[in-house]
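This briefing is meant for a reader who is meeting the structure for the first time. It takes up the ligand and its surroundings, and then turns to the sheet.

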Amino acid sequence: MRVVVTGAAGFIGGRVARAAAEAGHDVLAVDAPGRALAPATARRNWDALPLEKAELDLASADLAPLTSADVVVHLAGRPGIRSSWGAEEDIRRDNVLASRRVLAAAGGRVVVASSSSVYGSAGRDRPTREDDPLAPASPYAASKVAVERLARRRPETVILRYFSVYGPGQRPDMAFHRFAEAALAGRPLPVFGDGRKARSFTHVDDVVAATLAAMSATTPAGTAINVGHPEPVTVREAIDLLGRILGVRPEIESAAPVAGDADRTWADPSRARDLLGWTPRIALADGLADQIAWHRASTLAPA
Ligand SMILES: NC(=O)c1ccc[n+]([C@@H]2O[C@H](COP(=O)([O-])OP(=O)(O)OC[C@H]3O[C@@H](n4cnc5c(N)ncnc54)[C@H](O)[C@@H]3O)[C@@H](O)[C@H]2O)c1
């Protein structure tokens, strides 16, 4: 299949694009690295991506290359709850406007990245299912609800709600990335809030597997699917795990909690199992060790 992957200079998009090419698809990678939250990281990823590439700003460029693709996997956008406050204009542009244009230009199936943040906080008694009410609590989450609404109007579209993705190459603003870099440098770990927030942390290899399955699955138009690990772990528990992996007792530097950051996310992945044949396979202990190995290797690598 001809597959276009947008956001291919990014954390998830780069891995999806490579995996799709390894699976035998004819892949066009699309990104505008200057629009990334961390443009220098995106530029480095982009330059190193060994695939056919088109540098296109999806909010303004001619999107003709998307028309003839069998599948567009739309992962480009401006991620993150914390950085979305005060950046509403960029969020609207790179998430909502860019997605509207991608959904209009694509000729075939579209797989769209959404986020667990559309749910707000999960309860304590059961995991979140796709038909639970949405309660976005930040500009970022609200933009993903808007993207989902646009996506539901289009046939041959599937919405993936990713839950806290981690693993090698994780975005520099994300918690495990900041924790690992601090711990390896012997600095205290910067934690927003008291560490009691719980997340369905999901390894990027599992996320890539779900995304590839969604490219060719048969799903009713506009279906939303949770892509998340079913066992939530608190930030404190994750930090203990990180300490055990590194053989250190991490010191913590607390900062104020982030507005709009849910107390708990908790995925029910049964729809993904039924429609995509997908279940997450990677436990946090193994996945975190994998990410730390990547940080160690990047620290040691010559610039
Ligand atoms: N990482 C997570 O835990 C997570 C969780 C839920 C949802 N998501 C969603 O998954 C997708 C990928 O996330 P990520 O963590 O890989 O983010 P990322 O920032 O690493 O990648 C996003 C990419 O989109 C590109 N981009 C932004 N605006 C663009 C534009 N106008 N035109 C072309 N390219 C543009 C950026 O340059 C960047 O390379 C995003 O839509 C994000 O909202 C991620």
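Which polar side-chain atom lies 2.9 Å from an oxygen atom of the ligand? In this predicted model, that atom belongs to Lys144. Taken alone, the ligand exposes 820 Å², and the protein buries 96% of that area.

**Contacts with the ligand**

- A nitrogen atom of the ligand lies 3.0 Å from a polar side-chain atom of Asp57, while a polar backbone atom of Ala32 is 3.2 Å from a nitrogen atom of the ligand.
- Among the 29 residues around the ligand, those that come nearest are Ile12, Asp31, Tyr140, Val165 and Arg171.

**The shell around the ligand**

- The residues of this shell comprise 16 nonpolar, six polar and seven charged ones.
- At least two shell residues come from each of α1 (11–22), α3 (88–105), β5 (109–115) and α4 (139–152), and β5 gives the most, with three residues.

**The sheet and a helix packed on it**

- Seven strands form an open sheet with parallel pairing, in the order β3-β2-β1-β4-β5-β6-β11.
- Because β3 (52–55) and β11 (223–227) stand at the edges with a single partner strand each, one side of each is left without a neighbour in the sheet.
- On average, and with direction ignored, neighbouring strands of this sheet are turned by 20 degrees against each other.
- Strand β6 (residues 157–162) pairs with β11 in the parallel sense over five bridges, and Ile159 has Ala224 of β11 as its bridge partner.
- Helix α2 (residues 39–48) packs on the sheet, where it touches β2 (26–31) and β3, and the direction of α2 makes about 145 degrees with that of β3.

Terms used
Residues numbered from 1 in each chain as written. Predicted model: local features only at pLDDT ≥ 70, side-chain atom pairs only at ≥ 80, totals over all residues. Heavy atoms only, no water. Near = heavy atom within 4 Å. Polar contact = N/O pair within 3.5 Å; in protein donor to acceptor, adjacent residues only side chain to side chain. Areas by Shrake-Rupley, 256 points an atom, 1.4 Å probe, with all protein chains shown as cover. Helix = DSSP H or I, 4+ residues; strand = E, 2+ residues; numbered from the N terminus. Nonpolar A, V, L, I, M, F, W, Y, C, P; charged D, E, K, R; others polar. Pairing = 2+ DSSP bridges. Axes fitted to C-alpha atoms, helices over the stretch in contact; angles between N-to-C directions. Contact = heavy atoms within 4.5 Å.
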